[in-house]
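I opened a notebook for this chain and wrote down what I looked up, in order. The entries follow the structure shown here.

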Amino acid sequence: MKRGAQKNKFKIRYDRILICLLFLTIIVLFIYHIFTMKLSNIYITGNKYLKDQEIIELVSLENYPKMIKIKTTEIKKKLEKQNEIIDAIVEKKGKTITIKIKEAKPLYYDSLTDEVVLSNGKKNVTIMKNTTRRWILCN
């Protein structure tokens, strides 16, 4: 071996390490923000007979949960199980949920069974108690 041969020195590049740490910090903060982001707005359209608050309670959004926990398919299924609702479209954008509802119209009140018969053929007893007059007057 030659005495004058130079050894390769290992250089630590602090600028690259700093850039990588900064990039990783930004990614971690972004993921944390997504997981902790809460619902801020609920828009409900197309409802005439059901109140907005009744719909919000029906789909369990009254506490404005975290957006990551909200499943639009579950909300749609909950809404379409109701006799009064024919179709529901649920969209989630950012911190906002938009619920578009198509309600069944009340046709008549069956006094023998104390039920309201709806346009989709289903009968409803629960609405009857408070809103019979409203339903009859709306048609």
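The entries below go from the whole chain to its sheets and then to single residues.

**Entry 1: ground rules.** I am working with a predicted model, where local features need pLDDT of at least 70, side-chain atom pairs count only at pLDDT 80 or more, and totals for chains, interfaces and linings use all residues. Residues are numbered from 1 along each chain as its sequence is written, and side-chain values use heavy atoms, with hydrogens and water left out.

**Entry 2: confidence.** I looked up pLDDT, the predictor's confidence in each residue, from 0 to 100. The chain averages 83, and 84% of the residues score at least 70. Over residues 132–139 the pLDDT stays under 50. For that stretch the model has 17 contacts beyond four places in sequence, a contact being heavy atoms within 4.5 Å. I note that where pLDDT is low, the predicted coordinates should not be read in detail.

**Entry 3: the whole chain.** I find four helices and six strands. These are DSSP runs numbered from the N terminus, with helices as H or I of at least four residues and strands as E of at least two. From the N terminus on, the order is α-β-α-α-β-β-β-β-β-α. Of the 139 residues, 27% count as buried. Here buried means under 20% relative accessible area, exposed means over 50%, and partly exposed lies in between (1.4 Å probe, protein chains only). The accessible surface comes to about 10900 Å², and 58% of that belongs to carbon and sulfur atoms; the areas come from the Shrake-Rupley method with a 1.4 Å probe, and for residues only the protein chains shown count as cover. Among contacts between residues at least 6 apart in sequence, 47% join residues at least 24 apart.

**Entry 4: the mixed sheet.** In what order do the strands of the open sheet with mixed pairing stand? I read β1-β3-β2 for these three strands. β1 (41–45) and β2 are the edge strands, each pairing on one side only. The twist averages 15° from one strand to the next. Two strands pair if DSSP finds at least two bridges between them. β1 and β3 pair in the parallel sense over five bridges. In β3, isoleucine 97 is the bridge partner of isoleucine 42, and lysine 100 is that of threonine 45. Helix α3 packs on this sheet, touching β2 and β3, and its direction makes about 160° with that of β2. For such angles, axes are lines fitted to C-alpha atoms, for helices over the stretch in contact, and angles run from 0 to 180 degrees between N-to-C directions.

Glutamate 103 in β3 is the bridge partner of isoleucine 85. The hairpin of β2 and β3 has two residues between the strands, and glycine 94 takes a positive phi near 60° there.

**Entry 5: strand β3.** How many of the eight residues of β3 are buried? I count six, so the strand is mostly covered. Threonine 96 lies in this strand, which spans residues 96–103. Threonine 96 is buried, at a relative accessible area of 18%. Leaving out residues up to four places away in sequence, threonine 96 touches Leu39, Asn41, Tyr43, Met67 and Glu91.

**Entry 6: salt bridges.** I looked for a side-chain nitrogen of Lys or Arg within 4 Å of a carboxyl oxygen of Asp or Glu, which defines a salt bridge. By this rule the count comes to two. Glutamate 80 and lysine 76 meet in one, at 3.3 Å from N to O. Both lie in helix α3 (residues 72–80), four residues apart, about one turn of the helix. Lysine 76 also forms a salt bridge with aspartate 87, with the closest N and O atoms 3.7 Å apart. Lysine 76 is in helix α3 and aspartate 87 in strand β2 (residues 85–93), so the pair ties together parts eleven residues apart in sequence.

Lysine 76 counts as partly exposed at 31%, and aspartate 87 is partly exposed at 31%.

**Entry 7: the antiparallel sheet.** I read a further open sheet of three strands, in the order β4-β5-β6, with antiparallel pairing. Its edge strands are β4 (106–110) and β6 (123–124), each pairing on one side only. β5 (residues 115–118) and β6 pair over two bridges. Valine 116 stands opposite asparagine 124 in β6.
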